[in-house]
Structure formats: C-alpha cells, structure tokens
Amino acid sequence: MESSLFLYNTLSRRKEKFEPLNPPFVGMYVCGPTVYGDPHLGHARPAITFDLVLRYLQHLDYKVRYIRNITDVGHLEHDLDEGEDKIAKKARLEQLEPMEVAQYYADRYFVFMDALNVKRPSIEPRASGHIIEQIEFIKKILEAGFGYEVNGSVYFDTEKYSREYTYGKLSGRVLEDLLSNTRELEGQDEKRNPADFALWKKAQPEHIMRWPSPWSDGFPGWHIECSAMGARYLGEYFDIHGGGMDLLFPHHESEIAQNQAALGHESVKYWMHNNMVTINGQKMGKSLGNFITLDEFFNGSHPGLTQAYSPMTIRFFILQAHYKSTLDFSNEALQAAEKGLKRLFAAIESLDKLLDRDPGSGMQDAGFHYPAPDSRLPALRDACYEAMNDDFNSPIVIANLFEMVRIINSVNDKKESLSADDLKLLKQTVETFVYEILGLKNELSGDNSEYLKGLMELVLKIRQDSREKKDWGTSDQIRDTLQKLQITVKDGKEGSIWELKGING
RNA sequence: GGUAUCGUGGCCGAGUGGCUAGGCAGAGGUCUGCAAAACCUCGUACAGCGGUUCGACUCCGCUCGAUACCUCCA
C-alpha cells in the first residue's frame, strides 16, 4: 500500500496528493447543520461523506482532530421576514426559547447521525458559544481595513479586498459579474457594495437572539463563525475544510476572504465539497420543501416512501455514489441498496461460518486439498485501497467487495476452494473495509440473542430430522410458520440457515 | 445572463483513449424434495453534431438538456 492518498481540492479544481501540514496530525473542519429543523437526507450526505474521510484517515494512522460546528445563530430568513434570525423566528412561532429549539434539533441531529453510524467529531462547537471569538475576528478584519461599520452593523469590503486579493477564487466568480448580476433585495442600502457581506448585524428590537459587541447589540454574520471556530480549534492553518457544494458560494468564499483579511493568509490547504442529494432531479432542501427527514425514512412515514429504510440502507445508498456526484433519491434505488447490502452481509456471515468450520487444521485429513494462494484476493484488497486513495471512491470499493462476495459464495457452494490463509485474508479485508472504513454494520445480527439462537438451533434440528425422514409436511410447516414470524429458512449443503426478515424486523 | 458541475444500458451508479465496473430489476440454466439463497450465461449503454487520432463513451468545439450557486437561503 505504498500509493498515496489523493483528494480533489475545490480550490485548484484538481486532485492533489494529500500531505498534511503536521503529520501525523490532521485538522479537519466541516460545516455542520443549522439546527432549526429535523435532519433530512440532505444532511446525511456531508455527515457520511466526511465520516468516510475521517475513518479512512484514521485507518491510515493519522491523528485527526475533526471539528463540525453547530450553527445556532445568525442565519437570516430569506423570504418572508427580512432580517429575522431563522432560529428566532421558529422560536417565536412555537413559543419556545431560541436555545430550546436549537438544543432540541441538535439533539435530534446527534441521534440520527448516531443511527447512521457517523462517528462523533472531536469537537462540535456552537456558534452561540463563540461570540467572543467571532467579535475578535471581526476586530482583526476591521484593523486590517477590510471592514466598515454602518449603524451598528459591520460589513466586509469586497471591493477593497479585491484590490489585493481575489474574491471569487474558490467559486470561480468574478467580482464585477457579481456586482452587475446581483438581484435587488431589501435592506441592502447600508452596504457600500452589493457584494459586501455582513460580519455583524445590529439586532432589530424584536430580535431576541442578541449579544453585546463594540458596535451594537446584535448577532454575528453567517460566515464568521467558521472562520473564528476553525482558527480557535485548528489554528490559523489547517488541512481540510469540507461542506456541501451549496456552501461554496458565498459561505466558503467569504470565509477565505475573512481569514485572508484578518490573518494575512488563507487557512485551508484542501477544500472538499460533497454534492447534493436530489429528488426527482431537484436538490432536496429545506427551502424547496421537498425534503424527507431521516425520521421519516426510518419509519417509512412519508407519502413519497413505499416502505421504511433502515439507517444502514441509507448509509450504503449514499456510499454507493461518489461524494462529488449528485445522488438521485428514489424508492427503486433505495430498495436496490437494501438488497445489495443484505447480500453483502449474508456473505460475511457465510465467511464467518466457513472459518468456524475450517480453522485451518485438519483440512487434508478431511479430504480437502490445500489450494494455492489465490492471487485475486490481494489484487482485490489493493483495488480497494487504490479506490480509497483516489479521492475516496467508495463505489469502487463496494464493487470490489461484491467481487469478494461472489468468491465467498462460490466457496460456500463448494464450487471453488480457498486455503485457510486466504479465507483469513478475505475476512480481514472485508471487515476492514465494510466495518472500519465504510462504517457499515449488520443490523440483522443485532437481534440474534443467544436465547434466540439456541431456540432456532433446536427448531432447525427438529426440522432437519423430519427432512431426513422425508416428512415434508412437518418440515414445510415449520418453515412456513417461521416465515410468518419473519424468519426465513434457507436450506444449504451444510444444513439450514435462518435470518430475520427485513432489516427493520 | 454569469459561475460551476453533469448528461452512461429498464432503474441506481463507477470508469477509461483501444482490454468486464458493481448493485437492483429482467431472461435462460445449474443445484435442491419443494421453496429461498447461491452460482453460471445474456442485454453489447455511454445526449446530438462536427473535429483531433490508427482508434473516442473517454480529448477539443458547437448544439440541446439537466442541476447547483449568484449575498446572507444545508
């Protein structure tokens, strides 16, 4: 595994070799959710994408500090209520404290991310807990001369910035185009330039989320939190900054400008952006109202869903597409993912049984020959590493895993044979990639208590006896009854196996 | 209009200048008391039109189409 990890850097628009600033340490910052609504499928994408990145970096023995923020202040409602904080609005409607709302949805977010087997980041800082850092950051921008204050609000001076640096380098935009193509919005008159963005906003009287600052009682602009918290926890220069493609402009663009202005240099070496989840070809998003929440997926309680889908089905579905491609949701696609995942885990169970049965001794006595080492196995393992090294290409990893599935099943059917060493290599490879790197887990096996296992062993023994007596009536009755209890019995050459039907039980 | 990404077989989705992606669905077969599962075989896809090339789905141009973003909206 001497090949290096390459990742696509949005800033350069090409794949670059990953070379951490201070190996073996890696600093990674990912834009987290704004906690004013239930997490939906669109939230799962970046969470799982960067969970994959985290897991693979950890697998490569990097020590990763992973920061994912919680935005609980600052996002303004775009449509109806101009200038009102999103969280504040929701709070007023529901007669709750703003922080109560933020806490509620943050908790929901954690629960669903846990269900998706997304590892918790090292630190999950909240914007509301870092007002001081944000104010300090704004001060630095003002000191450097790239901001200006108007009526208690502070704005970033994009025009002045553009004289020395390039505002638009990340998103490929040109400031002049931005100026000429800006649509007219209310409340923009304070800005010198339509392309300028707020660093600090003075709160209107009805605005209940507010903090004191040198300029006014108000709240920070949207982009400043990531600049401030990134610098706070990862330093002025760190390795990876991730987020959804929809954040590329203006959020990340502005973050670069803020850091350049305040610190005198940029902060991020590699910018990574995951693509969107679409539904009927359209971005799934809060603003379009076409989102399906994770809760609804897990329960099947959305009219657009023909059934419930388990967390691992969702995770597998997302990993089957490369993170930079759009991923179109459909029931058909999710059902395909569910079945594929089931096949994958069925093969892993078969592999375990093969190893239990043949721990490597006595094979020759039992009449087995010792097959030569199978060259396909190291090749498949290497292909998995190559895929991961090539910008985290999880779909290729999965394709290779299915090649292994086919080999496992062939061995299980006695159509091929593998040495015990090869079986172990196979097991190690499969488990490394499935469990550790892709972060999948077998949801079916969770229900296999020792109690249930013992009971099933007895039932299948009785059925086996009746089968040997060709008492098909009894044997089929047992199978049919078990089927009604959601337990499927499959007769194989080495006896019968059983599984609980449906990943949701 | 600008910027970016993309258009692959029934569906989802990789990838490459000439060599099988993979999953699901479908067809045929093997195995099995039946069933299920598994295994084998199969469809010869790459928006359209030009160009470069010995050869392009893969490179270039154009056309058509889709999606995202365009100031405080994941």
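**Close-up views of a predicted model**

**View 1. Helix 1, end to end.** Helix 1 has 19 residues, which at 1.5 Å a residue should span 27 Å, and its end C-alpha atoms sit 26 Å apart, in agreement. The expected span here is 1.5 Å times one less than the number of residues. Helices (H or I, at least four residues) and strands (E, at least two) are DSSP runs, numbered from the N terminus. Because 16 of the 19 residues are buried, helix 1 is largely enclosed by the rest of the structure; buried means under 20% relative accessible area (1.4 Å probe, protein chains only).

Residues are numbered from 1 along each chain as its sequence is written, and side-chain values use heavy atoms, leaving out hydrogens and water.

**View 2. Strands 3 and 4.** Strand 3 (residues 25–30) and strand 4 (residues 63–68) run parallel, joined by six bridges; strands pair if DSSP finds at least two bridges between them. Val30 has Arg68 of strand 4 as its bridge partner.

**View 3. Around Phe297.** Look for Phe297 in the largest nonpolar core, of 90 residues, where Ile240, Phe297, Phe392 and Leu440 touch the most other members. Such a core is a set of buried Ala, Val, Leu, Ile, Met, Phe, Trp, Tyr and Cys residues joined through side-chain atoms within 4.5 Å. Leaving aside neighbours within four places in sequence, Phe297 is in contact (heavy atoms within 4.5 Å) with residues including Leu41, Tyr309 and Phe329.

Methods. Chains lettered and ligands numbered in written order. Predicted model: local features only at pLDDT ≥ 70, side-chain atom pairs only at ≥ 80, totals over all residues. Buried < 20%, exposed > 50% of the residue type's maximum accessible area, 1.4 Å probe, protein only.
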